[in-house]
Amino acid sequence: MISIFKTNIQSGIELKQIAQHLNNLLSGAAWSIDLADCDKILRIDSSVDKIGDAVSLLTKFGYNCENLQNFYAPPVW
């Protein structure tokens, strides 16, 4: 499952502050935040649904996090 979120994380410093928390929450998943994009897109690629957890985590740290889209991709053999 690939989930796309719009955030208001503005800088590498802010990203660094929450990166370890995202790593812990999303253990086994791939994630990235595109600070160059105007919507500061957080992309999560995970085999488990982490939408609510990701929104809660960023909100806890004072950031906005809006789920924009989810993709369900079949496993690649």
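**View 1. The hairpin of S2 and S3, with Lys40 in its turn.** Strands S2 and S3 make a hairpin with six residues between them. Helices and strands here are DSSP runs, with helices (H or I) of at least four residues and strands (E) of at least two, numbered from the N terminus. This is a predicted model, where local features need pLDDT of at least 70 and side-chain atom pairs count only at pLDDT 80 or more, while totals for chains, interfaces and linings use all residues. Residues are numbered from 1 along each chain as its sequence is written, and side-chain values use heavy atoms, with hydrogens and water left out. Lys40 sits in the loop between S2 and S3 and has a positive phi of about 45°, although it is not a glycine. As background, most residues other than glycine have a negative phi. Lys40 is also buried, at a relative accessible area of 11%; buried means under 20%, exposed over 50%, and partly exposed in between, using a 1.4 Å probe and protein chains only. S2 and S3 run antiparallel and are joined by five bridges, and two strands count as paired if DSSP finds at least two bridges between them.

**View 2. The salt bridge between Asp39 and Lys6.** In general, side chains of opposite charge can pair when their charged atoms come close.

**View 3. The four-stranded open sheet.** Reading across, the strand order is S2-S3-S1-S4, and the pairing is antiparallel. S2 and strand S4 (65–71) are the edge strands, each with a single partner, so one side of each has no neighbour in the sheet. From one strand to the next the twist averages 20°; the axes behind that number are lines fitted to C-alpha atoms (for helices, over the stretch in contact), with angles running from 0 to 180 degrees between N-to-C directions.

**View 4. Strand S1 and its partners S3 and S4.** S1 pairs with S3 in the antiparallel sense over four bridges, and six bridges join S1 to S4, again antiparallel. Ile4 faces both ways: it stands opposite Arg43 in S3 and opposite Gln69 in S4. Five of the six residues of S1 are buried, so the strand is largely enclosed by the rest of the structure.

**View 5. Leu42 and its surroundings.** Leu42 belongs to strand S3, where it is the bridge partner of Phe5. Buried or exposed? Leu42 is buried, with a relative accessible area of 0%. Setting aside residues up to four places away in sequence, Leu42 touches Ser3, Ile4, Phe5, Thr7, Trp31, Ser32, Ile33 and Leu58, where contact means heavy atoms within 4.5 Å. For scale, Leu42 and Gly28 are 14 residues apart in sequence and 16 Å apart in space, C-alpha to C-alpha.

**View 6. Helix H1 and its kink.** Helix H1 (residues 12–25) has 14 residues and reaches 19 Å from its first C-alpha to its last, close to the 20 Å expected at 1.5 Å a residue. That expected span is 1.5 Å times one less than the number of residues. The helix has a kink of about 40°, centred on Ile18; the bend at a residue is the angle between axes fitted to the seven residues ending there and the seven starting there. Which residues of H1 are buried? They are Leu15, Ile18, Ala19 and Leu22, and they pack against S2 and helix H2 (51–60).

**View 7. Phe61, in the loop between H2 and S4.** Phe61 counts as partly exposed, at 32% relative accessibility. Leaving out neighbours within four places in sequence, Phe61 is in contact with Ile18 and His21. The C-alpha atoms of Phe61 and Ala30 are separated by 21 Å, with the two residues 31 apart along the chain.

Terms used
A salt bridge is a side-chain nitrogen of Lys or Arg within 4 Å of a carboxyl oxygen of Asp or Glu.
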